[in-house]
Amino acid sequence: MQEMGAMSYEIRCFECGKPTKDEKLDACPSCGGLLNVEMDLSGLKGKGAKQLGHAPMGVWRYAPFLPVEASKAVSLLEGGTPLYDCRALARELGMERLFVKYEGANPTGSFKDRGMTVGVSKAVELGCKVVGCASTGNTSAALAAYAAKAGLGCVVLLPSGKVALGKLAQAMFYGAKVISIDGNFDDALNVVRQLAREGHLYLLNSINPFRPEGQKTVAFEVVEQLGLKVPDTIVLPVGNAANIWAVYKGLSEWMEVGWIDRMPRLIGVQAAGSNPIATAFRQGKRDFVPEEHPETVATAIRIGNPASGRKALKAIYDTGGLATDVTDEEIIAAQKLLGKREGVGVEPASAASVAGVVKLRRQGLISREERVVCVCTGNLLKDPDTVIKNAGQVLKAGASVDEVKRLMLG
Ligand code: AN7
């Protein structure tokens, strides 16, 4: 048991259950399984979420549930993102209520900031000097920013040619060493894991057990923003599959302390070209077969071998949820629909969650009365190339009122 001020926790293997004390590991030393932080929440039982009081919205509001001391947090004031009540979109889809949790409002424009504030705080606490990750883009942007804030060295490995422009710009801007790998995300993750094992860096991919701890706070916020009511369903895009696990873990903890009395069902949405979790779900399996050549316009979730895939499948089965997949066309259509009906701009991977709702509603797998929350994980401006490619024309005119009038009326 690690003691951290008021809170204590253990790190245990998700697969074999064995505890480990080495906080720098990203896999179980006995069986190689994923690691998991288990918080001792006995002191919080029964008191209710109201005890969080007036602490500001954001990740660190939930400090009693986090395995890092809040007073030493490396923070850019992440979390506290809007929950949009999307009435027009709901009407269009024949639903009573549909909400979008807009994670694009985080400091670096994606949900990854929630995990990085906790992960980088842990890196500092452990005395690490260099942090690193493989990334489809957003993880690298977030890590680069938090490493800068903490004064740590930072190395990010990106799949060559497949990272959206905004994310690449961010990683370069915050001063990380950016290395383009001739391979996909899964290849880059294998390389960086080996570098971590050899002691060259502290790994901050989401297999790091502290990352999901920060990410679980999105679920706490949703419940609080709904007036301490649990939605019926939460829909998330799935790439490396840690975020849906994080949401499951957070809500399970609030169940454990009695702050909520039921779980929502969790729905994971993948892109059709990289869909090992959706395929496993269709076959009723708790394990998955990696996709060798993942492809999708949603480059953030262009991942064939999701490192937390087994955790994600547990989250889905345990909540009576499901996994599905959507085509690139469905993703772009949903992205545009959300922008047009609600004024909310999200990147393609995030739009996958909305595309999933559109599809499942059509299939009758989401009902009219169901209160659904889509977690929209990243900002529109992350991937301006895709936006411009799929948008209408820019009209051209001379600096003349007549010419502009003609175009306006045309
Ligand atoms: C916008 O940045 O994996 O299922 O390296 O950027 O927890 O992996 C990003 C993933 C969804 C999928 N939406 O979340 C990376 C990376 C956006 C993302 C996901 C990602 P996970």
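A cut-off to jot down before I start: I call a residue buried when its relative accessible area is under 20%. I also keep in mind that this is a predicted model.

Entry 1, the loop threonine. I looked up where Thr-296 sits, and found it in the loop between α9 (276-282) and α10 (309-318). Is Thr-296 buried or exposed? Its relative accessible area is 7%, so Thr-296 counts as buried. Next I checked what its side chain touches. The side chain of Thr-296 comes to 2.9 Å from the backbone nitrogen of Ala-298. It also has a polar contact, at 2.8 Å, with the side chain of Asp-328.

Entry 2, around the ligand. I found 23 residues surrounding the ligand, with Asn-138, Thr-139, Asn-240, Ala-241 and Thr-377 the closest. Sorted by class, that shell has 11 polar, 10 nonpolar and 2 charged residues. Which helices supply at least two residues each? I noted α3 (138-150), α8 (242-256) and α12 (348-362).

I went through three of the protein residues. A backbone N or O atom of Thr-136 is 2.8 Å from a ligand oxygen. For Asn-240, a polar backbone atom lies 2.7 Å from an oxygen atom of the ligand. With Thr-377 the side chain is involved: one of its N or O atoms is 2.6 Å from a ligand nitrogen. Then I looked up the cover: the ligand taken alone exposes 480 Å², and the protein buries 99% of that.

Technical notes
Residues are numbered from 1 along each chain as its sequence is written. This is a predicted model: local features need pLDDT of at least 70, side-chain atom pairs count only at pLDDT 80 or more; totals for chains, interfaces and linings use all residues. Side-chain values use heavy atoms; hydrogens and water are left out. A residue is near a molecule or strand if one of its heavy atoms lies within 4 Å of it. A polar contact is a pair of N or O atoms within 3.5 Å; within protein, one must be able to donate a hydrogen and the other to accept it, and residues adjacent in sequence count only if both atoms are side-chain atoms. Accessible areas come from the Shrake-Rupley method with a 1.4 Å probe; for residues, only the protein chains shown count as cover. Helices (H or I, at least four residues) and strands (E, at least two) are DSSP runs, numbered from the N terminus. Ala, Val, Leu, Ile, Met, Phe, Trp, Tyr, Cys and Pro count as nonpolar, Asp, Glu, Lys and Arg as charged, and the others, Gly among them, as polar. Buried means under 20% relative accessible area, exposed over 50%, partly exposed in between (1.4 Å probe, protein chains only).
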